[in-house]
Amino acid sequence: MSDFEAKRETALRLLKATGITESNYGPPLLRLLWRLGFQVRPPHFASFGATAVFAGSFFAIGWGAVMWLLVWHSAGLSPMAALGSSAIAGVVFGLVMSAYYAHGRKKHRLPDWDSLGTTSFAQTADTHSG
């Protein structure tokens, strides 16, 4: 098991022990990325900026595509206006999600990612999840 995988498993045990729902700390897109081999931290352990970029990008692409297909194209909105609207929505969504996960990290007193690799911390996580 790699260092990332060990930290991820410790983080997931900690998050489960807090009572946060699994769909919150391990959403389907994130689980898919893990299965594909991407080393993406659970959102409560990612930096504010990384969460904003990750969540905002995926939201902007998905929401922009749906809005273009269902509304904007038939309404005659220019592609540049659609891209601008999608980008603004992505930035707002990314910042809101970053603030949400930062609040959860603080509320549940979660440690920083780097401390998850220590042996004593992994043992403490095991005792909290069992």
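**Close-up views of a predicted model**

**View 1. Phe 4 is a buried residue of helix H1.** Phe 4 has a relative accessible area of 10%, so it falls under the 20% cut-off and counts as buried. This view, like the others, comes from a predicted model. Helix H1 covers residues 3-18, 16 residues in total. From first C-alpha to last, H1 reaches 23 Å, close to the 22 Å expected at 1.5 Å a residue. An α-helix has 3.6 residues a turn, so residues three or four places apart point the same way. Just after H1, Gly 19 adopts a positive phi of about 95°.

**View 2. Aromatic rings pair in this structure.** Seven aromatic pairs are present. In one of them, the ring centres of Phe 4 and Trp 113 lie 5.6 Å apart. Their planes meet at 40°, so the pair is tilted. Elsewhere, ring pairs join Phe 59, Trp 63, Trp 72 and Phe 93 into a cluster.

**View 3. The charged end of Arg 8 sits over the ring of Trp 34.** The distance from that charged end to the ring centre is 5.0 Å.

**View 4. Arg 109 has a positive phi without being a glycine.** Its phi is about 50°. Arg 109 lies in the loop between H5 and H6. With a relative accessible area of 75%, Arg 109 is over the 50% cut-off and therefore exposed.

**View 5. The largest pocket has a volume of about 300 Å³.** Its lining comprises 16 residues. Nearest the centre are Pro 27, Pro 43, Phe 54, Ala 55 and Tyr 101. By type, the lining residues are 14 nonpolar, one polar and one charged. Helices H3 (28-35), H4 (48-75) and H5 (79-107) supply at least two lining residues each. H4 gives the most, with five.

Conventions:
Residues are numbered from 1 along each chain as its sequence is written. This is a predicted model: local features need pLDDT of at least 70, side-chain atom pairs count only at pLDDT 80 or more; totals for chains, interfaces and linings use all residues. Side-chain values use heavy atoms; hydrogens and water are left out. On a 1 Å grid over the protein atoms alone, a cavity is a set of points where a 1.4 Å probe fits but cannot get out, and a pocket is an open set with protein on both sides within 12 Å along at least five of seven lines; lining residues have an atom within 4 Å of a point. Grid points are joined across faces, edges and corners, and a volume is the space filled by probe spheres set on the points. Helices (H or I, at least four residues) and strands (E, at least two) are DSSP runs, numbered from the N terminus. Ala, Val, Leu, Ile, Met, Phe, Trp, Tyr, Cys and Pro count as nonpolar, Asp, Glu, Lys and Arg as charged, and the others, Gly among them, as polar. The expected span of a helix is 1.5 Å times one less than its number of residues. Rings of Phe, Tyr and Trp (its six-membered ring) pair if their centres lie within 6.5 Å; planes under 30 degrees apart count as stacked, over 60 as edge-to-face and the rest as tilted. Buried means under 20% relative accessible area, exposed over 50%, partly exposed in between (1.4 Å probe, protein chains only). A charge sits over a ring if NZ of Lys or CZ of Arg is within 6 Å of the ring centre and within 35 degrees of the ring normal.
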